[in-house]
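Colleague: I'm new to this one and I'd like to know what lies behind the labels. Can we look at it together?

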Amino acid sequence: MIIEGKKVMVTGAAGFIGSHLVDRLLSMKCEVIGIDNLSSGKEEFLKSAKRKRKFKFIKYDLLEDEGLEEYMDGVSIVFHLAANPDVRIGESDSSVHLEQNIIATYVVLEAMRAMGVPAIAFTSTSTVYGEADKVPTPEDYGPLVPISLYGGSKLAAEAMISAYAHTFDMKAVLYRFANVVGPRSTHGVIYDFIEKLKNNPNELEILGAEPGTRKSYVHIDDTIEGIIHGVHVSMDRVSIYNIGSEDMTDVKTIADIVSEEMGLKPEYKWTGGVDGGRGWKGDVKLMHLDISALKSKGWSPKMSSDEAVRATVRALLGK
Ligand SMILES: NC(=O)c1ccc[n+]([C@@H]2O[C@H](COP(=O)([O-])OP(=O)(O)OC[C@H]3O[C@@H](n4cnc5c(N)ncnc54)[C@H](O)[C@@H]3O)[C@@H](O)[C@H]2O)c1
């Protein structure tokens with residue numbers, strides 16, 4: 001599907017990934033309608049986008065506001081990123097992911113159906129695989145048994161998007177991301193460590209048991225190229241692509257990189273975690289995605305997990 005010069009919508013446009021995607025789409029001469037309720041997104045992330053004539057930002061809550069269809073007039077594809085991405089919150093509030101991730105996706109799909117928007121790109125997650133016993137995990141791994149409400153909500157959204165695509169003649173590209181890191185990230189382990197060390201440079205509390213979970217981290221630049229590439233090469237009604245890096249890293253290594261870049265030598269205080277060393281309930285201990293499907297179509301990540309982590313720490317520190 002060609003998107004250069006087309007009119008497109010991005011939900012979650014002011015978020016970490018959304019704002020980078022907006023910048024990239026504008027560089028491709030797209031007319032971009034950005035939707036965000038600014039719950040975790042920041043308008044400052046759209047500073048450069050707002051200077052472009054082809055960008056329109058609409059402060060809009062997918063669950064509270066009405067009239068989403070109006071903004072979809074002439075839109076060729078909706079990039080649906082708006083969601084609550086906080087895995088941990090599911091344990092204390094069981095309604096957030098149902099509402100923000102499942103119902104909000106339904107709202108977007110219904111508006112698309114009403115306006116005959118032909119395509120959707122959706123940002124799903126590695127957590128749909130649960131604790132896969134095949135690692136690196138390919139897209140056709142199953143059964144999918146998520147262990148967090150977040151993973152469950154994203155899998156439900158994937159299923160609904162597939163059903164809409166087949167029933168109402170749409171195309172869908174579903175991306176299952178590893179941990180995405182980079183400038184403008186406002187959550188996740190790197191952001192947390194930096195904030196904690198700014199508050200107390202001598203000690204770092206780390207959730208879990210040493211050396212922590214081992215996961216794949218992918219840089220935002222590689223992620224955005226993967227999203228764009230995936231849309232360009234997808235011909236099927238529903239395409240699914242993992243997006244990650246070629247390797248994994250553990251939480252201790254991330255703590256070491258953050259400390260080194262901040263010029264600190266803090267004492268690490270491991271909390272011990274839950275369920276045999278997880279950071280929190282629903283935290284997957286080992287995650288590495290098989291990215292050969294999208295690689296076989298010409299995309300590949302430039303950075304390893306550690307390189308992506310280090311580049312992110314430097315960016316967040318303003319280095
Ligand atoms: N960051 C990651 O590592 C990662 C990994 C896998 C999947 N994802 C997915 O990628 C997408 C973007 O994640 P992110 O890391 O940029 O998070 P983010 O919180 O920065 O972005 C989400 C955006 O959606 C907006 N939003 C939330 N609820 C909304 C609503 N009801 N109406 C309108 N706007 C709303 C928020 O204000 C925010 O700007 C999400 O769908 C997330 O689940 C992220």
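Colleague: Why is His166 called exposed?

Modeller: This is a predicted model, so keep that in mind throughout. His166 has 12 other C-beta atoms within 10 Å. A residue is exposed if that count is 12 or fewer, so His166 makes the cut-off. As for its place in the chain, His166 lies in helix 5 (residues 149-167). Its C-alpha is 21 Å from that of Leu144, a residue 22 positions away in sequence.

Colleague: And what makes Gly142 exposed?

Modeller: The test is the one I just used. Gly142 has 9 C-beta neighbours inside 10 Å, and exposed means 12 or fewer, so Gly142 counts as exposed. Gly142 is found in the loop between strand 5 and helix 5. From Gly142 to Lys252, 110 residues apart along the chain, the C-alpha separation is 30 Å.

Colleague: How do you know which strands are at the edges of the seven-stranded sheet?

Modeller: Follow the order, which is 3-2-1-4-5-6-11, in an open sheet with parallel pairing. Strand 3 (55-59) and strand 11 (238-243) each pair on one side only, and that makes them the edge strands. From one strand to the next, the twist averages 15 degrees.

Colleague: What makes strand 6 and strand 11 a pair?

Modeller: Six bridges link strand 6 (residues 171-177) to strand 11, in the parallel sense. Pairing takes at least two bridges, so these strands qualify.

Colleague: Which strands does helix 1 lie across?

Modeller: Helix 1 (residues 16-27) lies across strand 1 (7-11), strand 2 (31-36), strand 3, strand 4 (77-80) and strand 5 (119-125), at about 170 degrees to strand 2. Helix 7 (residues 220-233) lies across strand 4, strand 5, strand 6 and strand 11, at about 155 degrees to strand 6.

Colleague: Which residues have the most contacts inside the largest nonpolar core?

Modeller: Val10, Val22 and Ile120, in a core of 83 residues. Helix 1 gives the largest share, six residues. Domain 1 and domain 2 each supply at least three residues to this core. In soluble globular proteins, nonpolar side chains tend to be buried together.

Colleague: What is Val22 in contact with, beyond its neighbours within four places in sequence?

Modeller: Its contacts include Val10, Val32, Leu46 and Phe55.

Colleague: How is the chain divided into domains?

Modeller: Domain 1 covers 7-180 + 218-243, and domain 2 covers 182-216 + 247-284 + 302-316. Their centres, taken over C-alpha atoms, are 26 Å apart.

Colleague: How many residues of each domain are in contact with the other?

Modeller: 24 residues of domain 1 are in contact with 18 residues of domain 2. Among the elements giving two or more residues to the domain 1 side are helix 1, helix 3 (89-92) and helix 7. By class, that side has ten nonpolar, eight polar and six charged residues.

How values were computed: Residues are numbered from 1 along each chain as its sequence is written. This is a predicted model: local features need pLDDT of at least 70, side-chain atom pairs count only at pLDDT 80 or more; totals for chains, interfaces and linings use all residues. Helices (H or I, at least four residues) and strands (E, at least two) are DSSP runs, numbered from the N terminus. Axes are lines fitted to C-alpha atoms, for helices over the stretch in contact, and angles run from 0 to 180 degrees between N-to-C directions. Two residues are in contact if their C-beta atoms, placed from the backbone, lie within 7 Å. A residue is buried if 20 or more other C-beta atoms lie within 10 Å of its own, exposed if 12 or fewer, and partly exposed in between; C-beta atoms are placed from the backbone. A nonpolar core is a set of buried Ala, Val, Leu, Ile, Met, Phe, Trp, Tyr and Cys residues joined through C-beta atoms within 7 Å. Domain bounds come from an automatic or database domain assignment. Ala, Val, Leu, Ile, Met, Phe, Trp, Tyr, Cys and Pro count as nonpolar, Asp, Glu, Lys and Arg as charged, and the others, Gly among them, as polar.
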